[in-house]
Amino acid sequence: MAGEGMFLYWGSGSAPCWRPMIVLEEKGIKGYGSKMISFSNKEHKGEEVMKLNPRGQVPTFRDGDVVVNESNAICDYLEFKYGEQGTRLLPTDPAKRALVLQRMHEVQNLHKALIEQIVYYIWRTKPEDINQETLATKKKEAREELERWEAYLKEQGDGSFVAGKEFSMADVYLFPTLAFAVRGKLDMSKTPALAAWYATMEKRQSVQATWPPHWKEGPGQDLFVGV
């Protein structure tokens, strides 16, 4: 189905931006407009984005007269509007949906542990001011959170997705954050079930079609060594 009237502002490598892009692919929505903004040039604070999103953040999304700006809200909006189209991302069965919703919202814990606690600390602190003991504590907490997701996948069994045997919105929410960490040299050998899930997800058409352009140009920083 064509996505005329839709427009998405996004940033390459941003986990929040990547989520709705995967959903758009899974729903088979084509022909929507999009613009990759430059974070380094602060284009997310430019007039073009700010008139739709006063917070000056991306993703910023418009569907006709409807404007939705929070990453998860965009994903939920698309599933609500196009639930019967493409891949169903929220099960109709109440119990199955409950698990998907639980995992969807739990992803924020991993995102916080990896991105907010480690990446932002490293990026926003002068190298000479980084406290190695503090960083080690943050990495230990991130490892504990990763082990929680490893346990979830082991409970599901081989060949499963994050919230059951079928691909769902929970997988959409989780993958971009974990992919950012893998690019940052996260050692996935410590979590074999999570590594197997990642390998499956990495090959998925919707993921390949939306892979961050600048990631194809070279490796990322060593942000997660020792996690």
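Colleague: Which residues in α4 meet which residues in α5?
Modeller: First, a note on the source: this is a predicted model, in which local features need pLDDT of at least 70, side-chain atom pairs count only at pLDDT 80 or more, and totals for chains, interfaces and linings use all residues. Residues are numbered from 1 along each chain as its sequence is written, and side-chain values use heavy atoms, with hydrogens and water left out. On the α4 side the residues are Leu99, Arg103, Glu106, Val107, Asn109, Leu110, Ala113, Leu114, Gln117, Ile118, Tyr121 and Ile122. On the α5 side they meet Thr134, Leu135, Lys138, Lys139, Ala142, Glu145, Leu146, Arg148, Trp149, Tyr152 and Gln156. Contact here is heavy atoms within 4.5 Å, and helices (H or I, at least four residues) and strands (E, at least two) are DSSP runs, numbered from the N terminus.

Colleague: How many residues of that contact are nonpolar, polar and charged?
Modeller: The contact of α4 with α5 has 13 nonpolar, 4 polar and 6 charged residues. Ala, Val, Leu, Ile, Met, Phe, Trp, Tyr, Cys and Pro count as nonpolar, Asp, Glu, Lys and Arg as charged, and the others, Gly among them, as polar.

Colleague: At what angle do α4 and α5 pack?
Modeller: Helix α4, residues 94–123, packs with α5 at about 155°, and the axes are 10 Å apart. That makes α4 roughly antiparallel to α5; angles under 35 degrees count as roughly parallel, over 145 as roughly antiparallel, 65 to 115 as roughly perpendicular and the rest as oblique. The axes are lines fitted to C-alpha atoms, for helices over the stretch in contact, with angles from 0 to 180 degrees between N-to-C directions.

Colleague: Now the charges. How many salt bridges are there in the whole structure?
Modeller: The search finds 12 salt bridges, each a side-chain nitrogen of Lys or Arg within 4 Å of a carboxyl oxygen of Asp or Glu. One of them joins glutamate 145 to arginine 148, with the closest N and O atoms 3.9 Å apart.

Colleague: Where do those two residues lie along the helix?
Modeller: They are 3 residues apart in helix α5 (residues 132–156), so about one helical turn separates them. Glutamate 145 is buried at 11% relative accessibility, whereas arginine 148 is partly exposed at 46%. Buried means under 20% relative accessible area, exposed over 50% and partly exposed in between, using a 1.4 Å probe and protein chains only.

Colleague: What about aspartate 63: which lysine does it pair with?
Modeller: Aspartate 63 forms a salt bridge with lysine 81, at 2.7 Å between the closest N and O atoms. This pair links distant parts of the chain, from strand β3 (residues 60–63) to helix α3 (residues 71–81), 18 residues apart. Aspartate 63 is buried at 9%, and lysine 81 is partly exposed at 42%.

Colleague: Changing topic, where is serine 168?
Modeller: Serine 168 is in the loop between α5 and α6 (169–183). It is buried, with a relative accessible area of 3%. Not counting residues up to four places away in sequence, serine 168 touches Leu89, Val100 and Ala163.

Colleague: And alanine 15, buried or exposed?
Modeller: Alanine 15 is buried at 7% and is found in helix α1 (residues 15–26). Leaving aside neighbours within four places in sequence, alanine 15 is in contact with His111, Pro176 and Thr177.
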